[in-house]
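Hi,

Here is the structure I promised to pass on.

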Amino acid sequence: MVLQELKKIWTPMRVILLILVSVLMYTSFLSPNVRRFDTGGNGFDAFQEKMRISKEWIENYGDTIEPEEYSKIEKGFEEIIAQISVNMSQKEIFNECGVGSYEEFLVYETNAVNGKEGFDYEKYKEMREQLFVDTSYNSVYLQEYQKMMVDYEKAAVGNNAILPWEVSIYTTDFLMYLSLWCFITVLLISAPVMVNDVASNMNKEQYSSKVGRRIYKVQYWCTIVSVLFTEIIVIVAGMAIWSTTDTFVFSGAGLNSFMSLREPSLNIWYADLFTLFIVIALLLGIGVGSITFCLSSRSSNVISMLMKVTPLAVVAGMYILGLGNAFYKNNVFYGLVHIPGIEVIMAGVIAVVGIVVNVANYKAIAKSRNM
């Protein structure tokens with residue numbers, strides 16, 4: 001009986017549809033978030049340099065910057081500037097222009113760009129080209145280093161975690177779309193299961209036999225197991241995709257970063273974002289899958305089923321899209337109720353509702369069939 005019900009769910013056409021939807025979700029929603037971490041191309045990018053510096057600081061100081069460690073960061077910046085200045089002194093163009101330090105170069109740059117008399121723009125361009133030769137630094141790196149020091153000095157007490165705000169935003173966006181991917185697969189698996197039996201009067205024949213009277217429970221558990229199995233595959237694929245961004249280096253960093261103006265609603269680490277979103281996806285899968293299964297069993301044909309499931313899909317979709325900035329105080333759900341962890345609580349409520357409606361539906365069917 002179980003094998004037969006699983007065969008109804010896992011038809012070749014449904015497997016192909018799941019694969020097509022997965023490809024579409026990846027190319028349309030997940031891939032753009034992953035590409036934001038692409039280090040290819042020419043020139044230097046502020047976000048990439050911030051990532052580079054953040055990883056260096058985590059390697060040297062751990063997941064947080066303590067006051068005594070910050071003094072080392074300041075000293076480290078001074079050493080970088082000194083190294084660049086020594087490099088400059090070894091190049092003729094800088095000696096010719098009377099530029100002996102990085103600070104003097106910045107002054108020369110400002111005057112040359114503004115066309116001030118006595119400052120040659122062509123020589124400035126030559127100095128700019130030679131400035132970081134034979135070093136591992138660039139102007140964007142220095143700018144981001146200084147900005148991160150300013151951010152640390154301005155941050156509130158306790159906000160000392162090393163986590164670029166872009167990383168947390170891109171991560172929650174990625175996990176939100178991963179949850180949406182899971183949600184769509186849940187609908188594709190759970191929606192057609194019961195309506196086909198109802199439309200063909202198969203369910204009436206099943207309920208007429210002693211063994212068939214428990215078919216509802218068998219179909220329900222086959223559907224939920226299939227839903228969770230599919231979601232786990234999607235989640236594993238999503239984690240494998242995200243691992244290419246190399247952001248798991250921030251796993252032990254708290255959301256209370258000195259680089260972010262957003263305030264977390266929970267005292268959690270970056271790694272906890274993934275755990276909580278996985279919990280949300282699985283709970284939502286149980287809830288939506290269960291409710292859809294129940295609606296399908298109460299539908300006489302596919303059109304009727306779609307009309308019933310569509311409002312559920314809209315509400316659940318809005319909930320998932322509301323997970324942007326999840327576990328921060330500027331999240332839409334936290335803004336409404338001010339309950340920490342409301343994002344997970346809502347998914348839990350949906351899961352409970354899904355199970356309860358199926359228990360009630362089974363009892364109603366049993367009563368009507370004198371089971």
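You'll find Lys 125 in helix α7 (residues 121-130); helices here are DSSP runs of H or I with at least four residues, numbered from the N terminus. Its C-alpha atom is 9.3 Å from that of Ala 112, which sits 13 residues away along the chain.

Before the rest, the ground rules. This is a predicted model, where local features need pLDDT of at least 70, side-chain atom pairs count only at pLDDT 80 or more, and totals for chains, interfaces and linings use all residues. Residues are numbered from 1 along each chain as its sequence is written, and side-chain values use heavy atoms, with hydrogens and water left out.

On to the overall layout. The chain is assigned domain 1 (2-35 + 163-367) and domain 2 (46-154), with bounds from an automatic or database domain assignment. Their centres, taken over C-alpha atoms, are 48 Å apart. Domain 1 puts 14 residues into the contact and domain 2 puts in 12 residues (contact means heavy atoms within 4.5 Å).

The largest nonpolar core has 106 residues, and Trp 57 and Phe 327 have the most contacts inside it. By nonpolar core I mean a set of buried Ala, Val, Leu, Ile, Met, Phe, Trp, Tyr and Cys residues joined through side-chain atoms within 4.5 Å. Helix α9 (residues 165-190) is the top contributor to this core, with 13 residues. Both domain 1 and domain 2 supply residues to this core, so it lies between them. Setting aside neighbours within four places in sequence, Trp 57 has contacts that include Ile 65, Tyr 145, Met 148 and Phe 258.

Phe 258 turns up again with Asp 151, which touches Phe 258 and Met 259 if residues up to four places away in sequence are not counted. Asp 151 is in helix α8 (residues 139-154) and counts as buried, at 18% relative accessibility.

Ser 85, in helix α4 (residues 67-89), is also worth a click. Ser 85 counts as buried because its relative accessibility is 13%. A polar atom of the Ser 85 side chain lies 3.3 Å from the backbone nitrogen of Tyr 102 (a polar contact is a pair of N or O atoms within 3.5 Å; within protein, one must be able to donate a hydrogen and the other to accept it, and residues adjacent in sequence count only if both atoms are side-chain atoms). Beyond four places in sequence, Ser 85 touches Gly 100, Ser 101 and Tyr 102.

Then there's helix α14 (residues 302-321). At 1.5 Å a residue, its 20 residues should span 28 Å, and the end C-alpha atoms are 27 Å apart, which agrees; the expected span is 1.5 Å times one less than the number of residues. At the start of α14, a side-chain oxygen of Asn 301 comes within 3.2 Å of the backbone nitrogen of Ile 303. Among the buried residues of α14 are Met 305, Val 309, Leu 312 and Ile 320.

Asp 246 is in the loop between α12 (215-242) and α13 (270-297).

Cheers

Terms used. Buried < 20%, exposed > 50% of the residue type's maximum accessible area, 1.4 Å probe, protein only. Helix = DSSP H or I, 4+ residues; strand = E, 2+ residues; numbered from the N terminus.
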